[in-house]
Amino acid sequence: MKQKGLNRIKTSVKLLIVLLFTAFGIFPFFWLFLTSLKPYDILYKLPLIWFDNSMNFSNYFNMLEVVPVFRHLSITFVVGICVAILAVMISTGAGYILSHFRFRGDFLLTLMLLISQMLPQIVILVPLYFLLLRLGLVNKLVGLIIVYTGSAIPFSTLMLRSYIETAYSMNLEDAARVDGCSYFQVYFFITIPLCMPGIAAVAMFAFMIIYEEFMWASVLITTNSLKTIQTALYSFFGIYSTGTSGGVASAAGFVVTLPTVLLAFFLQKYLVTGLTGGAVKE
Amino acid sequence: MTFTKLRHKSDKIFFFTTLISPVIVALVILLVIPFFSAFAMSFRQQSIADMSGGFIGITNYSIVLGSSRFWRVLATTSSYTILSVMLCTLIGFIAALCLHTQTPFKGVFRAINIIPWAAPPAVISIIWTQIYSKAYSPLNDILLRIGIARNQIDWLGFTGQGYTPVNLPLMCLIVVYGWICYPFVMLMILSGLQSIPDELYEAATVDGAKDLQKLAYITLPSLKPFLIIVVTLLFIWTFQYFNLNYMLTHGGPRGYTEVFSIYIYDAAFEKFNFGKASAIGVLMSIILFIPSYYYICIALRQARQKRLAK
């Protein structure tokens, strides 16, 4: 009886702590949502108005006139999908090789992949910028896609290697080899179909990283009409989001957050493996 | 016989080369060459005033190391990194402990607490500029209503170092970073907690161990490898973090929140002194070499163990 009461206290204390940090985590979004609902005339009244009857969704419609959100979203989607496909195509092969073959230099390759994951991107920003400038790829989406693919390859390869290592048993491949399949046939007809869930997860993970990328996009793309959604949002609202456009900025922010949050829910299982370069696996 | 064997071998080599070469080409062009040319550029005269690219030895380094700005940036970045990592590890650790065991609505809370990590940086900057603004900040509003603050606080612009011992704008950025990264720590620790076998706890319960004893003698020691990975990775990431430091304060007010990535960005793309920017980048990489080396050793060891276990 006494034990039961103690347990109940423990559970409620735990729940209280959970509510505390969840409030910390969610409050900023709650505020973003509230602001996005406020029409202009109550947005900048002091003391602040938290709830009001005049709140409505008009900012969501006005937003489309201020920022071409869907244009920038579609640019970002095109870039993200291209990068995801390219990175996955390149990394699946490398992940397969690293998990199946022992060769001179496999250690060096793994090492290089890990180093490039740790390497501060800002250090290679200047030389790569000059390289793209010389190739005439600055201010072009192709340049952005190339750079992004380069930055997505290390984590994709490491993720896919650790996925391929555990996804299926080697017996299946051995059986296919005995039946006379060539290396390519085994790879295309057995490995890729069986690893599809992992490959899809890595592609989505890469897409998510690209969708959220800001630094490269802000340096490489300066033409307004070609900006990805992050740089567009920043250049439209950035430090001025407390100005006249607060409500509209918040509405746009809310719309832009939705895709990544959905992806993150979906990818929960793979986040840890992806971010640690395979050092931790769930 | 020998012919089929030979064909088999050339097949294998062809397959191997086709799959591996794209990665090597991409790595070399997009990461290895840029890094070494950054290194080379740091010894050259390459600025808007003089794009000649002539070799000038260690002049860039001596200019950077001789300026007080570099040392201030180093101090700011270090304190930013250490405090941020401590903050998000603490919150994430507590969150994971609470959400691992039986708690009502566990799944819902887990999902909600991933959102800060998943939100795009531009949106985060929109939110937090509002929260940290002077006049229309909900934070100020709450503080004023409760009566903690007497007047509105200018969170990101306050530099009254004479009045307070803390660098308020930097503390604000640390809170933002802690807020972004605690979900990552939470996920990592949760996956660590799942790897602890239940039998350990059952045995401890039979032996009459209290909850705190279980935490100290089972949970913490088992989580140690995970914690080491989390802290090392976070250290590396935070030290080079750019996005929100740039978006929220640009390093200001008056350099109070200037960290390395902002310093490099400013040197390269505002002052157009690429040689100097590269020199700072190389110095930053040297600082990051130690934790990176440590982390890479851990990752390689884990990979080897996994292979052996298989």
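Helices here are DSSP runs of at least four residues, numbered from the N terminus. With that in hand, welcome to this predicted model, in which 84 residues of chain A are in contact with 83 residues of chain B.

**The nonpolar core**
- The largest nonpolar core holds 167 residues, and A:A206, A:L233 and B:I280 have the most contacts inside it.
- Helix 8 of chain B, residues 168-194, supplies the largest share of this core, with 18 residues.
- Because domain 1 (2-56) and domain 2 (67-275) of chain A both give residues to this core, the core lies between them.
- Leaving aside residues up to four places away in sequence, A:A206 touches A:V83, A:A84, A:A87, A:A152 and A:S156.

**Where the chains meet**
- On the side of chain A that touches chain B, 56 residues are nonpolar, 24 are polar and four are charged.

**A helix to look at**
- Helix 5 of chain A (residues 106-118) has 13 residues and reaches 19 Å from its first C-alpha to its last, close to the expected 18 Å.
- Its buried residues include A:T110, A:L113 and A:M118.

**Two loop residues with positive phi**
- Most residues other than glycine have a negative phi.
- A:N139 has a positive phi, near 70°, and sits in the loop between helix 6 (121-134) and helix 7 (141-167) of chain A.
- A:N139 is partly exposed, with 14 other C-beta atoms within 10 Å.
- B:F272 has a positive phi near 55°, and its place is the loop between helix 12 (260-269) and helix 13 (274-309) of chain B.
- B:F272 counts as partly exposed, because it has 14 C-beta neighbours inside 10 Å.

Technical notes: Residues are numbered from 1 along each chain as its sequence is written. Chains are lettered from A and ligands numbered from 1 in the order in which they are written. This is a predicted model: local features need pLDDT of at least 70, side-chain atom pairs count only at pLDDT 80 or more; totals for chains, interfaces and linings use all residues. A nonpolar core is a set of buried Ala, Val, Leu, Ile, Met, Phe, Trp, Tyr and Cys residues joined through C-beta atoms within 7 Å. A residue is buried if 20 or more other C-beta atoms lie within 10 Å of its own, exposed if 12 or fewer, and partly exposed in between; C-beta atoms are placed from the backbone. Domain bounds come from an automatic or database domain assignment. Two residues are in contact if their C-beta atoms, placed from the backbone, lie within 7 Å. Ala, Val, Leu, Ile, Met, Phe, Trp, Tyr, Cys and Pro count as nonpolar, Asp, Glu, Lys and Arg as charged, and the others, Gly among them, as polar. The expected span of a helix is 1.5 Å times one less than its number of residues.
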